[in-house]
Amino acid sequence: MILNRKSLGLMLVDSVLINLAAFGSFYLRFEGDIPQEYFLTYYHTAWAGTLIYLLVFSLFGLYNRLWQYASISELTSILYAVTVGTSSVVLVIYFLAPMRYPNTVAVLLWLTSTFLIGGSRFLGRILQDGVFNLRIPGIPKRVLIIGAGDAGALAVRELKNSNYREGYPVGIIDDAAQKQKLKLMGIPVLGTRKDIPGVIRSHKAEEVIIAMPSAPGNVIRDITELCEKSGVIIKIIPGIYNYLSGQVDALKIREVQIEDLLGRDQVKLDIEQVAGYLAGETVLVTGAGGSIGSELCRQICRFNPEKLILVGRGENSIFDIEQEVRSDCPGINLVTEILDVKDREKVELVFRKFKPGVVFHAAAHKHVPLMEHNPEEALKNNILGTYNVAEISDLTQVKTFVLISTDKAINPTSIMGATKRVAEMIIQSLDRRSQTRNVAVRFGNVLGSRGSVIPTFKKQIAKGGPVTVTHPEMVRYFMTIPEAAQLVIQAGAMARGGEVFILDMGKPVRIVDLARDLVRLSGFDVDVDIKIEFTGIRPGEKLYEELLTADEGTTSTKHHRIFVAKASGVDVAGIEGLVQMIRERGSYLAREEIVEELGRVVVGFQQLPGEKGMERVSAR
């Protein structure tokens, strides 16, 4: 062990305390009148006993700990160390000294040593917890904490560690009956959720910290609404997705975000299974600069791939994720390739050069209204691009190919949805004659992805409104970006070939409810400060999305959040003909031709005209 100045100082203090404990044991045993022979025994063996204790304490790591953060683990170490040290001293004196220790002195030595050594160590923790600390000058914010569990204790500790500069905890709220009228780290539990408004008033709370990381979204929403009515600042300890994605550390307390109100179950990855197909492998991600693609790259780095290849068409987005990965994961062998998946020749050159073993194909055009106006681009990118990457994956003997699909591929009413359904059919078709395990993963909207509803609402709120929603009954499934990426990676580990995996999206959410929640979280009143207007369904949109066709159904997998759609018929000849037509005439295809050709291949494809005539009205 390398001793620093602090450790040497601690050893000096221990030397004094050890001898104080030894002398005190004799003093207590003989009530101050220590017989001469015992005094001589102590005098001649004190140096040996001190060295034995110090050696044992060193072996038990008592000089390489931060004692201001001491806990039960450190207390256990002290008990073991003192016990072994006392036993060793007693044995040495028994065999080497002219007179052995009386039994009562040995017991007293253990007790006094434990008290003095333990007390000296935990004095730092006592001071750290602020027992003797005066609150800082001025009046800190009065904080109410929601949740008397581990996260609540974390919040209290963080406020204490900052010497209350970030606020002073006045009380805790918890719904558990057994916790009422108790104290957590000296802070009283003042009631249940229904008591929040009254407690805020009676204790003049200015800020609320929601310390319930695993609570469902409806609970967080209820608490948020109660707190908003009281006019307090609302903060939250982040949920599990933030921990897994590395976005925050365990001590981060932040403002409540829309993701917290949706609240979803923790994603549990089968780490051994995932690492089994990613560790030591060359992994290629197309669309690596996009929302899902970039998050896949972040998550893949956790599993130590041999090489990670970032492929994308936009140089700026690829540059951003490259810089981030190089900074956060310096040990990763990283390669970037700027290419368009429609460029079959360049795709093949890259694949033959790096020989990837696993491919995640996230490159796609995803915006429904834009693709209605540019249908030929949807065909070229989503169909031809997917065919190129999947076919070349087969030719270069890629082991696993994972296509990122969408719920809009089911009974599609948009060009984008129909092209993504064809992309699913392409990988199912190729899987029949390929050694590559080709699979698709289908899920709904991703919160916070570029161009999605949440960033759009935030921009509208920043401008003072109005917030525009297409229809009052419009509902969508939502996932967080880290959750979607983790489940995609898990689905890849479960691939056998030809499956379409369905991710559990939870309950659909009304878009207008999202808008109202976001307005409130931004500190405004709906229809007072910020209005909500309905603009009418856009071309290609449906009121609700589906995850399965009527004839698919699902079967369960080992993962409770992932299901497999039952295989449906694939028109192989129709797909090959469509791909060939796109290659020959892609940019020159008329919209009518595109709709007709997609209708021949995709069962259930039916274009719905947007409700353009719907009047703009406020959300009441």
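Which helices are included in what covers the buried residues of α20? Among them are α15 (375-395), α16 (415-431) and α21 (591-601). The legends below start with the whole model.

**Figure 1. Overview of the predicted model.** This is a predicted model, in which local features need pLDDT of at least 70 and side-chain atom pairs count only at pLDDT 80 or more, while totals for chains, interfaces and linings use all residues. Residues are numbered from 1 along each chain as its sequence is written, and side-chain values use heavy atoms, with hydrogens and water left out. The protein has 21 helices and 23 strands (DSSP runs numbered from the N terminus: helices are H or I with at least four residues, strands are E with at least two). Of its 620 residues, 53% are buried (buried means under 20% relative accessible area, exposed over 50%, partly exposed in between, with a 1.4 Å probe and protein chains only). Among contacts with a separation of 6 or more, 77% join residues 24 or more positions apart (contact means heavy atoms within 4.5 Å).

**Figure 2. Helix α20, residues 572-585.** The 14 residues of α20 reach 20 Å from first C-alpha to last, close to the 20 Å expected at 1.5 Å a residue (the expected span is 1.5 Å times one less than the number of residues). Gly574, Ile575, Leu578, Val579, Met581 and Ile582 are the buried residues of α20. Down the axis of α20, these residues fall within an arc of 160°, so they line one face of the helix (the arc is that of the directions from the helix axis to the C-beta atoms). Ala573 and Glu584, on the other side of α20, are exposed.

**Figure 3. Helix α7, residues 217-229.** The end C-alpha atoms of α7 are 18 Å apart, which agrees with the 18 Å that its 13 residues should span at 1.5 Å a residue. Buried residues in α7 are Gly217, Val219, Ile220, Ile223, Thr224 and Cys227. They lie within an arc of 155° seen down the axis of α7, so they line one face of the helix. Just after α7, Gly231 has a positive phi of about 75°.

**Figure 4. His365 in the loop between β11 (358-361) and α14 (368-373).** His365 counts as buried, at 17% relative accessibility. Leaving aside neighbours within four places in sequence, the contacts of His365 include Arg313, Glu377, Asn381 and Met416. Thr419 is 54 residues from His365 along the chain, and their C-alpha atoms are separated by 9.5 Å.

Figure 5. Asp527 is buried, with a relative accessible area of 14%.

**Figure 6. The cis peptide bond between Gly465 and Pro466.** Omega of this bond is about 0°. Pro466 lies in the loop between α17 (453-462) and β15 (467-469).
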